[in-house]
Amino acid sequence: MVTTLLVALLTALASLVHIPVGDSDFRVTLGMVVMMTGYLILKKKKVLRLAFFSGLFVGLLRVVVAAIGGMAITPKFAGSLLLEFFFYIGYGILYRYTVELNKSIYKIPLVFSLVICDFGGNALEYLLRFLYAAEVWKDTSLLTILIAAFVRSITIVLCVYLYRRFIEPHLSPKKEASP
């Protein structure tokens, strides 16, 4: 549970780093990259718990940063910031079904599963923002969200690969040859 909270906290901090995509207010953050990289590297078992705490911490940290920055925190503004929680939950639920519970003999490659999860999580958040009447993403297209999903998913797979290729071998104890 401590590692879950630590990864969730790192996810929230990484979510403060964002890259605008296109001409809209949509931004790609590093939060999901950190969450899923941590999940895959640490071989955690409960993605939904990690998604819940990550989404919660990301939403709360954004409200705190906005308050520190001097923005007026109205209920509508805070609600808009907290809607990102559903991106993380949606991602976690889709990951659970597309990867962990997939019993097919023909598995979907991980990068495509992550794209499905990312796109689905963003589509859920997009829908909730529409229902919430938040105009933040009014100029965002689903193609932009799909491109962001590809970029984020490839980044996650690349980070896990680099970790397993270059860092993990140095962490495991080396077996000495007996004379």
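Rings of Phe, Tyr and Trp (its six-membered ring) pair if their centres lie within 6.5 Å; planes under 30 degrees apart count as stacked, over 60 as edge-to-face and the rest as tilted. This model is predicted: local features need pLDDT of at least 70, side-chain atom pairs count only at pLDDT 80 or more, and totals for chains, interfaces and linings use all residues. Residues are numbered from 1 along each chain as its sequence is written, and side-chain values use heavy atoms, without hydrogens and water.

By the ring rule there are 7 aromatic pairs. Two of them are tabulated.

| Pair | Centre distance | Plane angle | Class |
|---|---|---|---|
| Phe-53 and Phe-57 | 6.2 Å | 50° | tilted |
| Phe-85 and Phe-86 | 5.3 Å | 80° | edge-to-face |

One aromatic cluster takes in Phe-52, Phe-53, Phe-57, Phe-85 and Phe-86.

Buried means under 20% relative accessible area, exposed over 50%, partly exposed in between (1.4 Å probe, protein chains only). Phe-53 is buried at 19%. Phe-57 is partly exposed at 24%. Phe-85 is buried at 16%, while Phe-86 is partly exposed at 33%.

Helices (H or I, at least four residues) and strands (E, at least two) are DSSP runs, numbered from the N terminus. Phe-53 and Phe-57 lie 4 residues apart in helix 3 (residues 47–68), so about one helical turn separates them. The buried residues of helix 3 include Val-47, Leu-50, Phe-53, Arg-62 and Ala-66. Among the elements covering the buried residues of helix 3 are helix 1 (2–14), strand 2 (27–29) and helix 5 (84–100), where contact means heavy atoms within 4.5 Å. Gly-70 follows helix 3 and has a positive phi, near 90°.
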